Amino acid sequence: MNHSIAMYLIVAAATIYMIRVLPMTLIRRDIKNTFIRSFLHYVPYVTLAVMTFPAILSATGSVYSAWAGFIVGVGLAYVDGNLFRVAICSCVVVYLAELLCG
């Protein structure tokens, strides 16, 4: 294995390890600040949204069908909340939009 690739892997592993271990060792008591608690509560959701949104727009043949599926998915998730129904309806809308757009 190339030495630079090994070094990249070591640095990546150390970084991930530090991110996971440091909060457990440095923060020993409950966090009482409501701003920090709410910030830490929403970090996983925001991270998932930031990684997913660009993939949604580039996953179809047309940006219009991607936006149609996205809007239907967000609207249905807000109204219903059933993930299976949201996924199926969004896929159907994207399929129909792809058929109509050509």
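Helices (H or I, at least four residues) and strands (E, at least two) are DSSP runs, numbered from the N terminus. In this predicted model, local features need pLDDT of at least 70, side-chain atom pairs count only at pLDDT 80 or more, and totals for chains, interfaces and linings use all residues. Residues are numbered from 1 along each chain as its sequence is written, and side-chain values use heavy atoms, without hydrogens and water.

The protein chain has four helices and zero strands, in the order α-α-α-α from the N terminus. Its C-alpha atoms fill a box of roughly 55 × 45 × 20 Å along the principal axes.

Helix 2 and helix 3 pack with their axes 7 Å apart, at an angle of about 135° (axes are lines fitted to C-alpha atoms over the stretch in contact; angles run from 0 to 180 degrees between N-to-C directions). The two helices are therefore oblique to each other, the class left after roughly parallel (under 35 degrees), roughly antiparallel (over 145) and roughly perpendicular (65 to 115). Contact means heavy atoms within 4.5 Å.

| Element | Residues in the contact |
|---|---|
| Helix 2 | F53, I56, L57 |
| Helix 3 | A66, W67, F70 |

This contact has six nonpolar, no polar and no charged residues (nonpolar: Ala, Val, Leu, Ile, Met, Phe, Trp, Tyr, Cys and Pro; charged: Asp, Glu, Lys and Arg; polar: the others, Gly among them).

The largest pocket is lined by 15 residues, with T52, I56, F70, G73 and V74 nearest its centre. Helix 2 (34–58), helix 3 (63–79) and helix 4 (83–101) each give two or more residues to this lining. By class, the lining has 10 nonpolar, five polar and no charged residues.

A pocket is an open set of points on a 1 Å grid over the protein atoms alone, where a 1.4 Å probe fits, with protein on both sides within 12 Å along at least five of seven lines; lining residues have an atom within 4 Å of a point.
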